[in-house]
Amino acid sequence: MSVEVARGRFAIFRDQYAELMRSAFLVDLQYRASIAIWLIWGITEPIISLGIWWSIAATGAVEGYTREAFARYFFGVALVNQATLSWDAWNIDRWIREGEMNYRLTRPIAPIHEAVADNIAYKGPTAAIILTAWIIAAAFWPAVRVPFEPGRWTLALIAIVLAAAIRFLNGYATGLLAFWTTRATALVELQFGISLFLSGRIAPLSLLPPQVVEVAQYLWFPYVVSFPVEILTGDVATFEQYARGFAGQLVWLAIWMSLYLIVWKRGRRHYGAVGG
Amino acid sequence: MRRVRRTLIVLRAFWQLNWLEELQYRGNFIASLLGTVFWLGMAMLTVALYFRHTEKLGGWEYWDVVVLLGIFNALAGVVESVLRPGIGHLPTDVRSGALDLVLVRPVDAQFYVSFRRLDVWRLADVVLGLALAGYAVAQTGRSISAWELLAFVVTFAVAIAVVYSIWVSLMSLAFWFVAVENMSALFDAVFEAARYPVSAYPGALRFLFVYLIPIAWTTTIPASALTGRLNPALAMWAMAIGVAALCASRLLWRIALKRYTSAGG
């Protein structure tokens, strides 16, 4: 393939993406009231956890976590969770059940790109809203201020993007199991439940029993919420911690990417055989 | 009186049809049961995690909180089996104009919309939740007096009334905000907070849950009855709140319904 052809293909791909993102954003804008509700829904879990830990820490720090540290941690969770949430399995389930997958398969661009564009168009603005709320809260409430370190924030941003990619591919690949079973979304919910603990959504990982943390190290869960949050709060500080975190993210990104490719290839063939 | 009887006859016919329909999906029963057991397990682990780092949660011991968790699950079962499939469907009906078909029926619209469906399999959540509450009460080593049991039954009924009123109120908003299709997510969001005794929250949140979004009355009060924390005055207050919530939501429903102009309007 000559350079010009490659460049031409890239330009087409870029234009397709821009168009997908534009239309996803316009749809979101139309449903802004619904999105506000999803935002509220998303932040209640960290608020409730913070409320409980705040009360528990009334008598003193919990394993080093003061009330203020909990507040910073769960503000971080609210932000990272919003930016990395994965709901595509439910869309895929509907696409396959109601036949909406059919016309998506005839498009020159794989359905996953529509989902990616959808995710970017949704998560960018909504995460920005939470970030803004955080900044406003920090103006009045010193507890939730994190130190001003642009370098650290840049690394946190990279970690959040990687985390979003892992969680997205994880949810998407699991969701594609809908080609074979009607209960693919249940598998996603199962992982969602486990991630309450292993991702650090309900408490910082260091408050879990050490054996549980040990197991979590070998899974993708800690890298999708806990790691980016702890960069923001300053708990990830040494070079070794950064290296381990980013290495874990890259490994799991590769794993879920491969799993997606496998499931997509086989599932499409399976679907063609049944629905064809 | 005749109107009430007529409504009941219509409902019975609907529930029978429902039952026959559900019987075809027995696989759903196992799936929903497994789901409930899984989420109950996660909830108990969460409580256990809190108790790794504290002796008491808002003055409640571990098994007291589990009593509350069982009640929470039972209430969630009521939501999933009756409210979500029934009144939870209202926004869709308003948008599509399907509500016309309800309004022309000779039954009370609110009553009919609320109780038109019965997702029988999810009733297992109610049984499971109450069983967990009973088991946890046994673990606390307390013996329940007849009065306490009566207080529990009454306050649990109040809890159902409050949850029902919240649903009616939220769903009535659909008449104003026709485009909002996920109003029920608002309920899910705040109801999450009812997993723990209201005393376990900091002051501001506690105020919110007691006075503004009255979910404190849904789980904390019945659980108080079973753990010896309920005094008669509080029980009276709970009943008053239950009645007030039902009346207020009825009023809101009536005002909202006046706005309905069908889908073409």
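Helices, at least four residues long, and strands, at least two, are DSSP runs numbered from the N terminus. The legends below describe a predicted model.

**Figure 1. Chain B of the predicted model is built from helices, twelve of them, with zero strands.** Read from the N terminus, the order of elements in chain B is α-α-α-α-α-α-α-α-α-α-α-α. The radius of gyration of chain B is 19 Å, close to the 18 Å given by the globule rule for 265 residues, so chain B is as compact as a globular protein of that length. The C-alpha trace of chain B extends over about 60 × 40 × 35 Å along its principal axes.

**Figure 2. Confidence along chain B, with a mean pLDDT of 90.** In chain B, 99% of the residues reach a pLDDT of 70 or more. For the complex, the predictor gives an ipTM of 0.90 and a pTM of 0.91.

**Figure 3. Chain A of the predicted model has twelve helices and zero strands.** From the N terminus on, the elements of chain A follow the order α-α-α-α-α-α-α-α-α-α-α-α. With a radius of gyration of 20 Å, close to the 19 Å that the globule rule gives for 276 residues, chain A is as compact as a globular protein of that length. Its C-alpha trace spans about 65 × 40 × 35 Å along the principal axes of chain A.

**Figure 4. Close-up of helix H2 (residues 32-56) of chain A against helix H3 (residues 67-84) of chain A.** The two helices pack at an angle of about 165°, and their axes are 9 Å apart. Angles over 145 degrees count as roughly antiparallel, and H2(A) and H3(A) are therefore roughly antiparallel to each other. The crossing in which H2(A) passes H3(A) is right-handed. H2(A) contributes Gly42(A), Ile43(A), Pro46(A), Ser49(A), Leu50(A), Trp53(A) and Trp54(A) to the contact. From H3(A) come Arg67(A), Phe70(A), Ala71(A), Phe74(A), Val77(A), Ala78(A), Asn81(A) and Gln82(A). By class, the residues of this contact are ten nonpolar, four polar and one charged.

**Figure 5. Close-up of helix H7 (residues 150-175) of chain A against helix H11 (residues 226-233) of chain A.** H7(A) and H11(A) pack at about 170°, with 9 Å between their axes. The two helices are therefore roughly antiparallel to each other. On H7(A), the contact is made by Arg152(A), Leu155(A), Ala156(A), Ala159(A), Ile160(A) and Ala163(A). On H11(A), the contact is made by Phe227(A), Pro228(A), Ile231(A) and Leu232(A). The residues where H7(A) meets H11(A) comprise nine nonpolar, no polar and one charged.

**Figure 6. Close-up of the contact between chain B and chain A, seen from the residues of chain B.** In this contact, 30 residues of chain B meet 26 residues of chain A. Helix H2 (26-52) and helix H9 (183-191) of chain B each supply at least two residues of the side that touches chain A. H2(B) gives the most to that side of chain B, with nine residues. The side of chain B that touches chain A divides by class into 21 nonpolar, six polar and three charged residues.

Key:
Residues numbered from 1 in each chain as written. Chains lettered and ligands numbered in written order. Predicted model: local features only at pLDDT ≥ 70, side-chain atom pairs only at ≥ 80, totals over all residues. Axes fitted to C-alpha atoms, helices over the stretch in contact; angles between N-to-C directions. Parallel < 35°, antiparallel > 145°, perpendicular 65-115°, else oblique. Left-handed = near helix turned anticlockwise from the far one by under 90°. Contact = placed C-beta atoms within 7 Å. Nonpolar A, V, L, I, M, F, W, Y, C, P; charged D, E, K, R; others polar. pLDDT = per-residue confidence, 0-100. Rg over C-alpha atoms; globule rule 2.2 N^0.38 Å.
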